[in-house]
Amino acid sequence: DDMNLFSAFSFKKILPPLLLLISFVVIGFCCVVIYVSKNQESLIKDQIAELNKKYKCLITAGKSYLSPFENFPKISFKINDVAVYETKSKNSIKIIDVKEIYMAFNILDVITGNLDINSLVFKNGRFNIIFHEDDTTNIENALLLETSNYDETTASDFEIHLKNISLEHIDIHKLDEATNTDVETYIYWGSSSFEKNISTTA
């Protein structure tokens, strides 16, 4: 059959360049993974230091790991033991205290050093939301700008354009200091997507 012969000929002609293209993609992805794996610890530490300079809060974190397939084709970092304090004092109540956070990035952004967080996953921990008697919240106070220590001209290319936030096994406490009311909600799993990105820069 002429059609079958033509199809077989076409397939044999297309197969070598197709395999070559697939090889390039695989090799390229492996190179990216190796590069990011070697540099991920310093990348994360630098960005946390940048956020601590910019805002009144204090962010601490443990070890970080590359997790390339958690949000494939995006690349993810897993960060252990993350805590966010309302002030620079570790005696202040933690707003966030979680065992694991996964942050998803575009691969090309990571290579060029322009870290742009697309999604966050919080696992195994606690959120504390406090409504102070002066009508502020601990979250508002934590995100006040630390203008005395922050220089916009030396800021790194770090951006957050959140499209999705997920919570897994998170205990949320809401405390109203005026009434001494404490409401607790436990979330086994929850996810929220945004039609418009939540954006900020550091």
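How many helices and strands does the secondary structure of the chain come to? The chain has 3 helices and 7 strands, where helices (H or I, at least four residues) and strands (E, at least two) are DSSP runs numbered from the N terminus. Read from the N terminus on, these elements follow the order α-β-β-β-β-α-β-α-β-β.

The model is a predicted one, in which local features need pLDDT of at least 70 and side-chain atom pairs count only at pLDDT 80 or more, while totals for chains, interfaces and linings use all residues. Residues are numbered from 1 along each chain as its sequence is written, and side-chain values use heavy atoms, with hydrogens and water left out.

For the chain as a whole, the accessible surface comes to about 12500 Å², of which 60% belongs to carbon and sulfur atoms; such areas come from the Shrake-Rupley method with a 1.4 Å probe, and for residues only the protein chains shown count as cover. Of the 202 residues in the chain, 36% are buried, a class that means under 20% relative accessible area, with exposed meaning over 50% and partly exposed lying in between (1.4 Å probe, protein chains only). Among contacts between residues at least 6 apart in sequence, 64% join residues at least 24 apart, a contact being heavy atoms within 4.5 Å.

Asn124, found in strand β5 (residues 115-131), has a positive phi of about 60° although it is not a glycine. Most residues other than glycine have a negative phi. The side of the chain on which to look for Asn124 is not fully covered, because at 33% relative accessibility this residue counts as partly exposed.

Asp135, in the loop between β5 and α3 (138-142), likewise is not a glycine and has a positive phi, here of about 70°. With a relative accessible area of 71%, Asp135 is exposed, and it belongs to a patch of negative charge on the surface in which Glu133, Asp134, Asp135, Glu140 and Glu177 gather. Patches are made of residues with over 30% relative accessible area and no salt bridge, like charges being joined within 9 Å and nonpolar side chains (Val, Leu, Ile, Met, Phe, Trp, Tyr) within 5 Å. A salt bridge here is a side-chain nitrogen of Lys or Arg within 4 Å of a carboxyl oxygen of Asp or Glu. Asp and Glu count as negative and Lys and Arg as positive, while His and the chain ends are not counted; the place of a charge is taken as NZ of Lys, CZ of Arg, CG of Asp or CD of Glu.

Thr137 also has its place in the loop between β5 and α3, but at 14% relative accessibility this residue counts as buried. Leaving aside residues up to four places away in sequence, Thr137 touches Ile130, Phe131 and His132.

Asp182 has its place in strand β7 and, at 47% relative accessibility, counts as partly exposed. Again not counting residues up to four places away in sequence, Asp182 touches His173, Lys174 and Leu175.

Strand β7 (residues 181-201) also holds Trp189, which is exposed, with a relative accessible area of 57%. Together with Tyr186 and Tyr188, Trp189 makes a nonpolar surface patch of about 430 Å².
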